[in-house]
Amino acid sequence: MQFDNFKRIVTTFADEDSEMAWDGDGTFLLGIRGLEVVAKIKQEPDGIQVEHAGELWSAEQWIWSYLAKLDRLADRIISSVSPPDHYVSPSGKLLNWENQPDGEYPDAKQELQKRFSQHPVDMTLIYFLTSDAGEGKTSLIEKISVDQAKAFKKKKTQTLVLPISLGGRPFLRLDDAVIASLSNRFRFPFLYYDSFIELVKMGVIIPAFDGYEEMLAETKSGEAVSAIGDLVDQLSSNGTLLVAARKAYFDSSLSSQSKLLDSVRREKNVDIRRIALDRWSREVFLKYANKRNVSTPEELYCKVAGRLKDNHPILTRAVLVRRLLDVANEENDLDQFLQRLGQSQTDYFFDFVESIVEREVREKWIDTSGTKKSSLLTKDEHHELLSQIALEMWINGVETIGLEVIRLVVQIFAEDKNKTPTVLRQINNRINDHSLLRLDDSAGSLKRIRFDHEDFRAFYLGQALARTLGSRDDSNARLILDAHQLSNPVIEEIARYLISLNTSSLGSKKLIEYLHQLSRGQQHVSYIRENCGALMLELAERTIIAHSITSVSFPENALERREINNLKVSNSFFNSTSLSNSTILNCTFENCRFVELALNGEHNLGGTVFDEECSFDSVSVGNDLDGEYRKFFNPDKVRAILKKHGFVLESQQHAISEHSDPTKMDKDLKIALRFIRMFARSTVVAENTLRKRIGTQHGNFFNNILPKLQKVDLIEPISGPGNRYRYRLVRRLSDIDKLVENSGSTFEQFIANASNH
């Protein structure tokens with residue numbers, strides 16, 4: 001370690017008004033946490049050594065052990081983080097910039113730990129850990145953080161993984177989230193944020209941010225991307241980050257990775273890598289069942305697969321497998337439980353929760369005050385009480401609530417249901433141990449309750465809002481709808497619940513009319529308008545009659561994976577949305593504005609018409625990261641592309657050529673864009689990586705294409721190891737999209753446009 005680095009790092013631990021004082025022999029004085037620290041440094045051939053309190057340390061070890069007290073942090077991680085019992089790591093894949101496998105690993109946790117031991121040189125590495133909900137991201141982070149802490153204590157590693165939850169804190173700054181986790185969850189007051197940054201740069205701490213998709217969903221103007229970008233800037237091409245996000249958010253955010261790297265200063269070296277967790281296979285299921293001491297795991301698997309199917313979520317999603325085995329180990333009649341699950345393929349999660357609650361009612365929540373055995377609460381009362389708890393969390397923007405709030409919710413519920421004081425006391429005694437709730441281990445010594453999994457919280461929030469909408473409680477409905485953006489699982493449960501109550505088509509029409517009433521008079525972009533719009537679409541999709549929606553806003557990807565018939569949408573606003581895997585038949589869109597339509601998959605628009613008042617800010621064609629991706633803003637080109645992709649446009653103002661195809665590109669432009677798209681995952685691309693990705697076209701690329709890109713200042717070479725170059729993108733990807741749009745279909749025109757800007 002160099003002296004300047006040592007001084008900079010040590011100063012970050014100092015009290016705000018303290019300065020490092022030196023004398024001629026290398027002795028320095030520093031105020032840290034109200035104490036005066038006197039130490040002496042020696043410059044040795046192998047680096048700086050620190051003499052302090054009669055001991056001689058390397059500079060790094062003194063910083064880690066004395067200043068940062070990382071041994072104590074390791075202890076706090078071990079005591080505060082509780083990985084699932086009987087943990088089994090899923091398999092996973094390392095996906096490249098084209099989302100194609102670059103490696104497949106039977107143990108994703110082991111692979112990540114191996115990668116964490118290899119500290120990057122002159123590069124900040126960002127690992128995105130992705131999967132669908134309930135497939136093990138949080139469990140993996142908890143397990144890897146505890147395992148690393150134990151190895152750190154045994155001197156087998158010099159790296160700690162620090163889990164930092166972003167869920168429920170969408171408006172908290174990233175530095176506040178870090179310090180809040182250190183202070184509240186780990187009771188560790190020894191690091192300022194600047195000190196934390198220096199330890200990440202040194203590679204001794206790897207922050208693991210969990211719940212990033214919630215920040216993405218809540219911060220519409222890009223604060224989540226900017227927050228990570230600011231952190232990466234501060235790391236100055238050092239350190240490693242782990243960011244967990246649901247696969248749907250990672251894939252559907254049309255250019256989130258590009259925006260992230262665009263937000264980082266150009267001279268920083270950043271590489272984004274993606275580890276995608278697989279759903280559980282039969283082998284993983286059996287391994288977990290054996291750890292749970294299930295007597296006949298093969299028989300159980302075959303029985304469930306026979307009742308449902310081999311790839312059913314009950315067998316492949318970690319959170320549901322765990323609950324299934326809870327039941328299998330306790331239930332006398334498993335066949336009855338499975339029969340309940342097999343009633344519906346689409347609403348299996350409702351069936352699953354219903355089955356768990358039925359067991360609570362029948363076997364656990366028994367009134368012990370009388371001589372006759374009876375249930376404390378009915379099944380519907382269980383659902384209603386849990387809905388009230390989920391609603392309390394939602395209104396306050398948190399994932400956990402304190403026991404005193406739980407007691408208040410229970411008391412209000414009991415009074416509303418005319419329960420006796422004896423029953424109220426028993427409910428209070430049992431609520432902490434409800435099968436769908438658990439104590440929050442991230443709250444430190446504070447006693448706080450959370451749902452056993454985010455999916456259960458979403459389910460009961462959906463029920464809470466559905467009950468409010470069903471009773472036409474305007475004030476509470478607006479309060480809930482205006483709090484935050486509702487997630488897809490919440491929307492789906494609201495629609496399922498409401499349609500189950502209103503089985504007639506007339507009922508769904510009245511519900512949509514009521515949602516119109518709630519959204520009326522709201523600001524153009526507001527949570528109420530977007531949440532009402534999303535609910536209307538879900539209700540329209542679940543019923544077969546014609547519906548009409550007007551004057552609402554729709555959230556991102558509102559039209560992705562939809563099956564809609566006979567719907568009229570007018571005077572409405574659509575955020576960026578893909579049409580991938582959607583069937584939208586015999587629908588009409590009038591005077592609607594679309595921010596961006598992504599035509600990156602199959603869709604069917606048979607009989608659907610967009611009138612001449614509809615406007616399209618932009619259209620993107622092709623996948624976000626492949627060489628065919630292009631984005632268009634010019635109205636004439638946009639409409640030509642839409643027509644080519646099956647849109648019926650009622651327009652007299654724009655003459656659309658029958659023969660022009662703005663998406664066509666010559667061979668050299670395709671190769672150039674294939675190269676440029678690599679910078680959606682990395683600020684620099686190594687020459688050997690480039691040769692591998694370009695493949696057989698590398699000769700033409702290096703001889704003809706790359707020199708022209710450099711000449712017009714789109715690409716700059718920088719020196720790399722082994723006399724090989726690395727290449728950096730000079731302009732933002734968003735700016736290059738506009739150059740591509742105006743290039744026609746030729747590489748030469750693209751270069752000419754670039755030289756003029």
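Which residue with a positive phi follows H26? I looked at the end of this helix in the predicted model and found Gly646, with phi near 95 degrees.

**Entry 1. Helix H26**

I then turned to the start of H26, where a side-chain oxygen of Asn634 comes to within 3.0 Å of the backbone nitrogen of Asp636. Helix H26 spans residues 635-644, and I listed its buried residues as Val638, Arg639, Ala640, Ile641 and Leu642. I checked what these buried residues pack against and recorded strands S27 (597-599), S30 (615-616), S31 (619-621), S32 (630-632) and S33 (648-649).

**Entry 2. The chain as a whole**

I noted 31 helices and 36 strands in the chain. Of its 757 residues, 56% count as buried. I also looked up the sequence range of the contacts: among those between residues at least 6 apart in sequence, 60% join residues at least 24 apart.

**Entry 3. Nonpolar cores**

I found that the largest nonpolar core has 117 residues, and that Ile389, Leu469 and Phe589 have the most contacts inside it. Helix H21 (residues 454-470) gives the largest share of this core, with 9 residues. Another core, of 63 residues, lies apart from it and includes Met20, Ala74, Leu199 and Ile228.

Setting aside residues up to four places away in sequence, Ile389 touches Ile401, Ile406, Val409, Ile431, Leu437 and Phe451.

**Entry 4. Salt bridges**

How many salt bridges does the count come to? I recorded 44, and examined several of them.

Glu111 and Lys114 meet through their side chains in a salt bridge of 3.4 Å, N to O. Both residues are in helix H4 (residues 108-116), and because they are 3 residues apart, about one helical turn separates them. I noted that Glu111 is buried, at 8% relative accessibility, whereas Lys114 is partly exposed, at 46%.

Asp455 forms a salt bridge with Arg317, and their closest N and O atoms are 2.1 Å apart. This pair links distant parts of the chain, with Asp455 in helix H21 and Arg317 in the loop between helix H14 (313-316) and H15, 138 residues apart. I found both Asp455 and Arg317 buried.

Lys379 and Glu354 also meet in a salt bridge, at 3.0 Å, N to O. Lys379 is in helix H18 and Glu354 in helix H17 (residues 348-364), so that this pair, too, links distant parts of the chain, 25 residues apart. Lys379 is partly exposed, with a relative accessible area of 26%, while Glu354 is buried at 5%.

I finally traced a network of salt bridges that links Arg292, Arg322, Arg323, Asp326, Arg438 and Asp452.

**Entry 5. Asn329**

I placed Asn329 in helix H15 (residues 318-330). Is this residue buried or partly exposed? Asn329 counts as partly exposed because its relative accessibility is 41%. Leaving aside its neighbours within four places in sequence, I found Asn329 in contact with Val294 and Arg292; Arg292 also belongs to the salt-bridge network of the previous entry. Asn329 and Ser295 are 34 residues apart in sequence, and I recorded a C-alpha to C-alpha separation of 9.0 Å.

**Entry 6. Arg529**

I did record a polar contact of 3.3 Å between the side chains of Arg529 and Ser553.

**Entry 7. Cysteines**

I searched for disulfides and found 0 in the structure. I looked up the accessibility of two cysteines. Cys532 counts as buried because its relative accessible area is 0%, and Cys587 is likewise buried, at 1%.

Definitions and conventions
Residues are numbered from 1 along each chain as its sequence is written. This is a predicted model: local features need pLDDT of at least 70, side-chain atom pairs count only at pLDDT 80 or more; totals for chains, interfaces and linings use all residues. Side-chain values use heavy atoms; hydrogens and water are left out. Helices (H or I, at least four residues) and strands (E, at least two) are DSSP runs, numbered from the N terminus. Buried means under 20% relative accessible area, exposed over 50%, partly exposed in between (1.4 Å probe, protein chains only). Contact means heavy atoms within 4.5 Å. A polar contact is a pair of N or O atoms within 3.5 Å; within protein, one must be able to donate a hydrogen and the other to accept it, and residues adjacent in sequence count only if both atoms are side-chain atoms. A disulfide is a pair of cysteine sulfur atoms within 2.5 Å. A nonpolar core is a set of buried Ala, Val, Leu, Ile, Met, Phe, Trp, Tyr and Cys residues joined through side-chain atoms within 4.5 Å. A salt bridge is a side-chain nitrogen of Lys or Arg within 4 Å of a carboxyl oxygen of Asp or Glu.
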